[in-house]
Amino acid sequence: MKFKIEMIGALLCAGLVFAGCGTPSQHIVGSFNGPTYTSPQGAFSVPIPVSPEVGGRVLTDGPETVTFRDNWGSHITFSSFTFNARSSMTSVMESQGRERALTEFAKRQYGNDIEAHFHKEARDGVLSFIFTRPVGEPRGVAQFVHGTRVYEVETDMLPGVQLLAQSDAKSKADRMTWLEDRAVALAQSMDVK
């Protein structure tokens, strides 16, 4: 048992060391106002979700996206996508509602295997789901519509939680629910224009 705990501790330390090796973006195109980041085009602002005390930083940003990272392994991306007022997104929203429009948008981006959940009480409707890339840990994703834009948050679970977590089905389901809830909470923290 002692060896197992020491191994987990060593793996966590190694993860923190390697996570800290990444360098922040050389040129940030968004702006900061105290604890808030604003995208370059002004489509959204977000409270900075990582702490400078643990190496929190902007990993990359661009005209419509920003990724935050810290030395504990947090990886959080906020994005914004414009759609045309005459697009299928608009027609599906008008004829079948936001849930259907967001589900179709998400499946085009992430594939048909996602199991989407709609939270009608959040931001006039937020769609959330878990997505796992071919290589990597599961990510919680949340999307919502405002005007002619889809806003999205993608976040992962901290590596330590994955290492120390129980492997039974209920514990795994609880972690996935927590991860989706985290994505929805981050989506609600966005100030959109």
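F144 lies in strand β9 of this predicted model. At 1% relative accessibility, F144 counts as buried, because the cut-off for that class is under 20%. V126 is 18 residues away from F144 in sequence, yet their C-alpha atoms are 4.8 Å apart. Beyond its neighbours up to four places away in sequence, F144 touches L102, R123, G125, V126, R149, V150, Y151, A187, M190 and V192.

M190 is among the residues with the most contacts inside the largest nonpolar core. V192 belongs to strand β11 and stands opposite F44.

The largest nonpolar core has 22 residues. Within this core, F44, F68, F78 and M190 have the most contacts. Strands β3, β5 (65–69), β6 (75–82), β9 and β10, together with helix α5 (169–188), each supply at least two of its residues. Helix α5 gives the largest share, four residues. In soluble globular proteins, nonpolar side chains tend to be buried together.

Another core, of 16 residues, lies apart from the largest one. M89, F105, I114 and F131 are among the members of this other core.

Strands β2 (residues 36–38) and β3 (residues 44–47) pair in the antiparallel sense over three bridges. Y37 stands opposite V46 of β3 in this pairing. The hairpin has five residues between the two strands. In this hairpin, G42 takes a positive phi near 75 degrees. The pairing of β3 with β11 (residues 191–192) is also antiparallel, over two bridges. Here F44 faces V192 as its opposite residue.

S45 is a polar residue of strand β3. At 9% relative accessibility, S45 counts as buried, since this value falls under 20%. The side chains of S45 and T38 are joined by a polar contact of 2.9 Å. Leaving aside neighbours within four places in sequence, S45 is in contact with T36, Y37 and T38, and also with S189, M190, D191 and K193.

Helix α2 spans residues 88–96, and its buried residues are M89, T90, V92 and M93. Seen down the helix axis, these buried residues fall within an arc of 170 degrees, so they line one face of α2. E94 and S95, on the other side of α2, are exposed. The buried residues pack against helix α3 (98–110) and strands β9 (138–146) and β10 (149–156). One of them, M89, is also a member of the core of 16 residues.

Both ends of α2 have local features. At its start, a side-chain oxygen of S87 reaches to within 3.2 Å of the backbone nitrogen of M89. Just after α2, G97 takes a positive phi of about 100 degrees.

Note on methods
Residues numbered from 1 in each chain as written. Predicted model: local features only at pLDDT ≥ 70, side-chain atom pairs only at ≥ 80, totals over all residues. Heavy atoms only, no water. Buried < 20%, exposed > 50% of the residue type's maximum accessible area, 1.4 Å probe, protein only. Arc of directions from axis to C-beta. Contact = heavy atoms within 4.5 Å. Polar contact = N/O pair within 3.5 Å; in protein donor to acceptor, adjacent residues only side chain to side chain. Pairing = 2+ DSSP bridges. Core = buried A, V, L, I, M, F, W, Y, C linked by side-chain atoms within 4.5 Å.
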